[in-house]
Amino acid sequence: MATGFRHVVLLTFRDGTPAGHAELVAEALRALPGAIPELRNYEIGLDAGLADHNSHVAVVADFDDQAGYETYRDHPAHVQIITEMIRPHLADRAAVQHRRT
């Protein structure tokens, strides 16, 4: 049985966000495991475009524990992506962190 700590987030960008921006965000996020060893499993997905009003980017990140998540959350490389690439275009964000048992 899996144990640990999971972070799930959905990002929705505003109308008028440049075409291809979600792909650029996903590419930047996918580079984070090389900088943040606390990431045990890290999946970044782009919406397949099958339904209107879906979020654009999904993130599922697994850690050994809450401290690993907090390291990721506060890591300068992660914060830079949020500050420079996500927040300027963000319309909505939904997230949950939970213990895995």
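The radius of gyration of the protein is 14 Å, in agreement with the value near 13 Å that a compact globule of 101 residues would have. The model from which this value is computed is predicted. Along the principal axes, the C-alpha trace extends over about 40 × 30 × 20 Å. Of the 101 residues, 32% count as buried. Among contacts with a separation of 6 or more, 72% are between residues 24 or more positions apart.

The protein comprises 3 helices and 4 strands, and these elements follow one another from the N terminus in the order β-α-β-β-α-α-β. Strand 1 covers residues 4–13, and helix 1 covers residues 21–30. Strand 2 (41–46) and strand 3 (57–63) are both among the elements against which the buried residues of helix 2 pack. Helix 2 (66–74), helix 3 (76–86) and strand 4 (90–100) each supply at least two residues of the lining of the largest pocket, as does strand 1.

In helix 2, the buried residues are Gly68, Tyr69 and Tyr72. Viewed down the helix axis, these residues fall within an arc of 100 degrees, so they line one face of helix 2. Their packing partners are strand 1, strand 2, strand 3, helix 3 and strand 4.

Helix 3 buries His78, Ile81, Ile82 and Ile86. These residues fall within an arc of 95 degrees about the axis of helix 3, so they too line one face of the helix. Such an arrangement is in keeping with the geometry of an α-helix, in which there are 3.6 residues a turn, so that residues three or four places apart point the same way. On the other side of helix 3, Pro76 and Glu84 are exposed. The cover over the buried residues of helix 3 includes strand 1, helix 1, helix 2 and strand 4.

Helix 3 provides the largest share of the lining, with 4 residues. By class, the lining is made up of 11 nonpolar, 2 polar and 3 charged residues.

Two further positions were examined individually. Thr12 belongs to strand 1 and counts as buried because its relative accessibility is 18%, below the 20% cut-off. Apart from neighbours within four places in sequence, Thr12 contacts Asn54, Ser55 and His56, and also His89, Leu90, Ala91 and Asp92.

Arg87, by contrast, lies in the loop between helix 3 and strand 4. Its relative accessibility is 56%, and Arg87 therefore counts as exposed, the cut-off being over 50%. Once neighbours within four places in sequence are set aside, Arg87 is in contact with Arg14 and Ile82. The C-alpha atoms of Arg87 and Leu11 are 9.8 Å apart in space, although the two residues are separated by 76 residues in sequence.

Terms used: Residues are numbered from 1 along each chain as its sequence is written. This is a predicted model: local features need pLDDT of at least 70, side-chain atom pairs count only at pLDDT 80 or more; totals for chains, interfaces and linings use all residues. Side-chain values use heavy atoms; hydrogens and water are left out. Buried means under 20% relative accessible area, exposed over 50%, partly exposed in between (1.4 Å probe, protein chains only). Contact means heavy atoms within 4.5 Å. Ala, Val, Leu, Ile, Met, Phe, Trp, Tyr, Cys and Pro count as nonpolar, Asp, Glu, Lys and Arg as charged, and the others, Gly among them, as polar. The arc is that of the directions from the helix axis to the C-beta atoms. The radius of gyration is taken over C-alpha atoms; the globule rule is 2.2 Å times the number of residues to the power 0.38.
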